[in-house]
Number of protein chains: 2
Amino acid sequence: MAAKITSLQVAQKAGVSQSAVSRVFTPGASVSQKTADKVRAAARELGYRPNVLARAMVKGKSRIIGLVVAYLENFFYPETLELLSNALQEQGYHVLVFMTKQTADNIDDVMEEILDYQVDGIVMASVAMSSDISARCQQAGVPVVLFNRGQDIEGITAVSSDNHAGGRTVAEFLIAGEHQRIAYIAGWEGASTQRDREAGFRAGLAAAGHKLHAYAVGDFNTELARQAARDLFDKPANLRPDAVFVANDHMAFAVMDVLRFELNLQVPEDVSVIGYDDVPPAAWLAYNLTTMRQRANLMVAETVDALMDLISTPDTAMPRRVAIDSPLVVRTSARMPKGWNTKGSTNEGF
Amino acid sequence: MAAKITSLQVAQKAGVSQSAVSRVFTPGASVSQKTADKVRAAARELGYRPNVLARAMVKGKSRIIGLVVAYLENFFYPETLELLSNALQEQGYHVLVFMTKQTADNIDDVMEEILDYQVDGIVMASVAMSSDISARCQQAGVPVVLFNRGQDIEGITAVSSDNHAGGRTVAEFLIAGEHQRIAYIAGWEGASTQRDREAGFRAGLAAAGHKLHAYAVGDFNTELARQAARDLFDKPANLRPDAVFVANDHMAFAVMDVLRFELNLQVPEDVSVIGYDDVPPAAWLAYNLTTMRQRANLMVAETVDALMDLISTPDTAMPRRVAIDSPLVVRTSARMPKGWNTKGSTNEGF
DNA sequence: TTGAAAGCGCTAACAC
DNA sequence: GTGTTAGCGCTTTCAA
């Protein structure tokens with residue numbers, strides 16, 4: 001193992017000062033062409049590259065973004081992570097991953113750890129934020145953006161889908177499909193996404209003079225979702241729902257499995273199923289799930305944009321509350337309303 | 001935004017020297033209880049925490065592990081990432097993510113970037129390694145472990161499943177199931193996993209006096225896998241395969257969709273399908289895929305163990321070549337051999 | 001344009 | 001056990 005090459009060694013080899021070397025590797029510093037050439041030659045020969053950490057120390061900027069994420073089982077998050085990491089890489093940043101459980105003190109610990117790394121910003125995905133933590137980051141001068149979670153804390157930037165409108169659209173679609181007994185399987189109550197989807201859904205039903213026929217909680221957990229499906233559907237045909245909106249796709253797949261393979265129900269003939277997210281398996285034909293798409297690409301773009309804004313102009317950047325439009329992706333898991341115009345909905349594509 | 005708190009400020013507040021503060025936060029340093037108490041009190045009051053980057057500078061250890069990964073669409077990788085990140089967190093390390101495309105020069109660039117961060121180690125998942133890169137890391141003194149890829153480069157640590165044995169097991173299972181026309185849909189030829197699975201599979205067939213009835217390449221890509229399935233199966237019943245081993249689950253789902261929904265074939269009555277990985281959707285009942293499990297938990301444990309070994313004793317640690325045993329998970333996508341004893345296979349669980 | 005010098009926040013000898 | 005001192009590898013004044 002050879003020792004690490006420092007700028008000083010390059011300087012000596014090139015016959016210049018150490019600070020000259022630094023300038024050559026500092027975009028926009030003033031160096032003569034001649035010096036630059038000499039230095040680059042020496043650097044190449046030695047295999048020198050500037051030490052990012054040392055640079056971070058003196059500049060007070062690490063070019064690291066901390067990402068806090070609770071679970072990757074829901075395929076929406078891997079997708080997000082890939083998009084986010086790529087987008088950030090393009091801006092010269094990198095993602096340091098912190099996994100956490102949802103419990104509050106765990107998150108507190110994780111936040112402290114994150115701050116220890118002097119990250120330039122934090123993205124919290126699928127994780128709630130207390131005002132304590134928010135204050136802590138504020139105090140440390142580290143901008144935070146919430147991804148796929150809304151929050152009522154003042155001054156915090158949050159990027160999510162328009163879950164309320166999304167829930168409402170589902171209600172409209174189901175009603176247009178002439179469903180009579182409409183059910184809802186909820187996600188985890190701690191999540192704003194769950195609350196907004198449900199509220200929008202209920203509002204949509206109410207607006208058409210309908211009300212929820214049945215309700216169960218799945219907590220964004222497949223096993224609980226499965227149980228919820230049994231509770232709701234293991235009944236005589238005239239009592240059981242003829243449609244169910246499941247708060248995310250991850251649960252919806254489990255629900256469809258129970259419906260078809262445990263209860264011998266046809267989807268959508270016996271019951272229509274609608275999910276939320278449009279994760280990749282939703283398009284797999286064995287499910288072919290009608291669902292609300294979360295436009296991860298746009299959500300990530302907004303997140304990165306907000307972050308860059310907050311980082312470059314911490315004093316003037318305004319906190320944003322972004323709600324990306326969420327289109328309905330019509331597939332075959334829900335009965336198609338007669339003459340449903342595809343306003344705001346889509347079969348595929350963006 | 002308050003300024004960042006330094007150890008010096010804590011020292012002043014506590015009325016001790018700056019190095020005393022440092023000692024308090026250095027496990028195993030010698031400090032009196034009294035000093036420690038004073039310092040901790042002051043630190044808490046000020047909200048002080050040591051700057052990890054500064055510590056990294058002087059110690060030459062960043063406690064950051066770089067993870068290079070090409071894609072997260074194959075659900076095997078998110079699972080890995082979650083496991084890896086958790087395991088590393090327990091050891092006081094964190095994962096810095098670098099996404100890359102498979103192309104060689106891209107990887108070169110990514111490696112340089114990684115090295116710039118002074119990572120203590122690198123995990124390359126689903127990414128091949130050239131001997132150039134290997135040499136570069138060696139020179140920089142940064143240990144690398146290959147995850148889910150073998151490699152013939154000398155002295156490099158690689159952790160994967162026993163893909164050869166796995167492929168062989170699939171052949172045995174299919175033959176025991178009295179299949180006559182056995183096909184294979186290959187993954188990307190650049191991947192050792194693909195090559196080993198195929199070699200093992202062919203060896204297993206040969207050992208029983210069988211040979212491959214048909215072959216197509218899916219490159220670990222769903223669209224190509226779909227096309228491969230059409231090429232192989234869109235023929236009269238007596239010509240088409242009655243079983244297919246697909247090089248990973250990700251492709252196997254796409255293949256099953258084509259079989260069932262485009263070609264109207266029954267699985268497993270008309271054709272048995274076997275995958276590799278045992279990603280979560282393999283257990284979803286709509287697929288219920290018989291597959292070889294990659295024991296991600298064990299693979300990750302080995303990876304972390306090897307890494308810690310390499311980091312703590314760089315001079316004496318031996319490169320490892322680990323091949324984790326890969327059990328067959330019998331579900332319903334392949335015809336069950338009569339009297340198949342479950343030696344080495346499993347229905348669920350570990 | 002360039003070099004010398006002063007730190008960034010911390011750890012690790014080294015004396016006391 | 002504790003303070004003093006010398007860096008870790010870099011960027012950034014400041015003079016020249």
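Across the interface of domain 2 and domain 3 of chain A, 12 residue pairs are in polar contact, both residues being at pLDDT 80 or more. A polar contact here is a pair of N or O atoms within 3.5 Å; within protein, one must be able to donate a hydrogen and the other to accept it, and residues adjacent in sequence count only if both atoms are side-chain atoms. The model is predicted, so local features need pLDDT of at least 70 and side-chain atom pairs count only at pLDDT 80 or more, while totals for chains, interfaces and linings use all residues. Residues are numbered from 1 along each chain as its sequence is written, chains are lettered from A in the order in which they are written, and side-chain values use heavy atoms, with hydrogens and water left out.

The largest share, 4 residues, comes from α12(A). By class, this side holds 7 nonpolar, 7 polar and 4 charged residues. Ala, Val, Leu, Ile, Met, Phe, Trp, Tyr, Cys and Pro count as nonpolar, Asp, Glu, Lys and Arg as charged, and the others, Gly among them, as polar. Domain 2 and domain 3 of chain A bury about 1500 Å² between them, 50% of it on carbon and sulfur atoms, where buried area is the accessible area (1.4 Å probe) that two parts lose on being put together, summed over both. The count of salt bridges between these two domains is 0; such a bridge needs a side-chain nitrogen of Lys or Arg within 4 Å of a carboxyl oxygen of Asp or Glu.

Now to the meeting of the two chains. Chain B and chain A each give 55 residues to their contact, defined by heavy atoms within 4.5 Å. Together they bury about 5200 Å², 62% of it on carbon and sulfur atoms. In chain B, the residues that lose the most area to chain A are B:L53, B:Y117 and B:W284, together 14% of what that side buries. Between the chains there are 4 salt bridges; B:E112 forms a salt bridge with A:R49, with the closest N and O atoms 3.8 Å apart. The chain B side divides into 31 nonpolar, 12 polar and 12 charged residues.

Note on methods
Helices (H or I, at least four residues) and strands (E, at least two) are DSSP runs, numbered from the N terminus.
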